[in-house]
Amino acid sequence: IALAGNYAYVSTVYGGLYIIDVSNPATPVETSFHPTFKPYDVAVSGNYAYIADSEKGLSIINVADPANPAQVSSCDTPDFAYDVAVAGNYAYVADQGGGLRIINVADPAHPLEAAFYDTPGIAYGVAVAGNYAYVADTSSGLHIINISDPTHPTEEGFYATPGWAHNVVVAGNYAYVADWDAGLYIINISDPEHPAESGSCDTPGTAWDLTVAGDHAYVADSEEGLRVINVSDTADPSEVSSHST
């Protein structure tokens with residue numbers, strides 16, 4: 001799910017892209033639907049939605065009119081596109097067997113791969129902040145890739161998490177990793193060459209995805225629903241509530 005303005009953009013693995021009006025959060029209304037192959041993630045930038053479309057790679061949808069989305073292009077990746085982040089003129093795709101794929105989307109109608117950095121296992125999640133892309137690799141952990149020159153990415157640092165790193169969010173000097181059966185891991189990235197664990201909080205299920213807002217991390221914990229974790233003290237995060245889904 002991605003949020004932009006009054007709309008939520010939801011990628012559904014066995015359907016496509018749903019655009020939902022959430023101007024009144026109590027009564028969300030479906031605005032439109034656009035079928036794609038098998039979308040695993042979506043990012044929105046400007047008038048476009050960028051979809052990690054599994055075997056089809058990156059799909060780009062014009063959402064200038066949310067009621068009438070239209071696909072404008074696609075860019076194949078070597079394996080299975082799981083996650084996508086967009087910054088500036090580039091889309092950063094976590095590709096199962098192809099690592100981090102960097103795609104120039106300055107012209108959304110004609111995307112071109114600019115470079116890639118292959119991680120050792122399955123690249124499942126990606127976040128971009130400043131000059132770095134943070135890749136959650138389920139087989140190894142958190143990889144920090146220098147993308148100051150997007151055409152020549154280089155690994156700056158690495159932290160091996162104990163579980164399967166499925167997704168990552170960056171806020172300030174910390175990377176928050178949804179680490180599957182190990183729960184939430186918080187990594188200090190103030191020195192990207194030497195990332196270090198700050199704290200962790202095990203969750204009862206399998207931490208699949210997350211977001212961070214203010215002093216709280218919100219973890220999608222698979223069969224255990226939503227877990228809300230206080231991260232005001234990153235060295236000692238603690239669960240404060242949960243909601244079954």
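## A buried threonine and its partner

In this predicted model, the side chain of T119 makes a polar contact with the side chain of D137, at 2.7 Å. T119 sits in the loop that runs between β12 (112-117) and β13 (123-129). Although it belongs to a loop, T119 counts as buried, because its relative accessibility is 4%, below the 20% cut-off.

What else does T119 touch, leaving aside its neighbours within four places in sequence? Besides D137, T119 is in contact with G99, V135 and H143.

## Aromatic pairs

Let's turn to the rings. Searching the whole structure turns up eleven aromatic pairs. One of them joins Y48 and Y50: the ring centres are 6.5 Å apart and the planes meet at 55 degrees, so this pair is tilted. The two tyrosines fall into separate accessibility classes, with Y48 partly exposed at 21% and Y50 buried at 4%.

Y124 and W208 give an edge-to-face pair, with 5.7 Å from centre to centre and 85 degrees between the planes. This pair links distant parts of the chain, 84 residues apart: Y124 is in strand β13, while W208 is in the loop between β20 (196-201) and β21 (209-213). Y124 counts as buried because its relative accessibility is 11%, whereas W208, at 35%, is partly exposed.

Which rings have a charged end sitting over them? The ring of F37 has the charged end of K56 over it, 5.3 Å from the ring centre. Likewise, the charged end of R101 sits over the ring of F116, 4.1 Å from its centre.

## The largest pocket

And now for the open space. The largest pocket holds about 840 Å³, and 32 residues line it. Of these, I1, D41, D83, N167 and D209 lie nearest the centre of the pocket. The elements that each give two or more residues to this lining are β1 (2-4), β2 (7-11), β5 (41-45), β9 (81-87), β13, β17 (167-171), β21 and β22 (216-220).

Which element supplies the largest share of the lining? That is β9, with five residues.

Conventions
Residues numbered from 1 in each chain as written. Predicted model: local features only at pLDDT ≥ 70, side-chain atom pairs only at ≥ 80, totals over all residues. Heavy atoms only, no water. Helix = DSSP H or I, 4+ residues; strand = E, 2+ residues; numbered from the N terminus. Buried < 20%, exposed > 50% of the residue type's maximum accessible area, 1.4 Å probe, protein only. Polar contact = N/O pair within 3.5 Å; in protein donor to acceptor, adjacent residues only side chain to side chain. Contact = heavy atoms within 4.5 Å. Phe/Tyr/Trp six-rings, centres within 6.5 Å; stacked < 30°, edge-to-face > 60°. Lys NZ or Arg CZ within 6 Å of the ring centre and 35° of its normal. 1 Å grid on protein atoms, 1.4 Å probe; cavity = no way out; pocket = protein on both sides within 12 Å on 5 of 7 lines; lining within 4 Å. Points joined across faces, edges and corners; volume = space filled by probe spheres on them.
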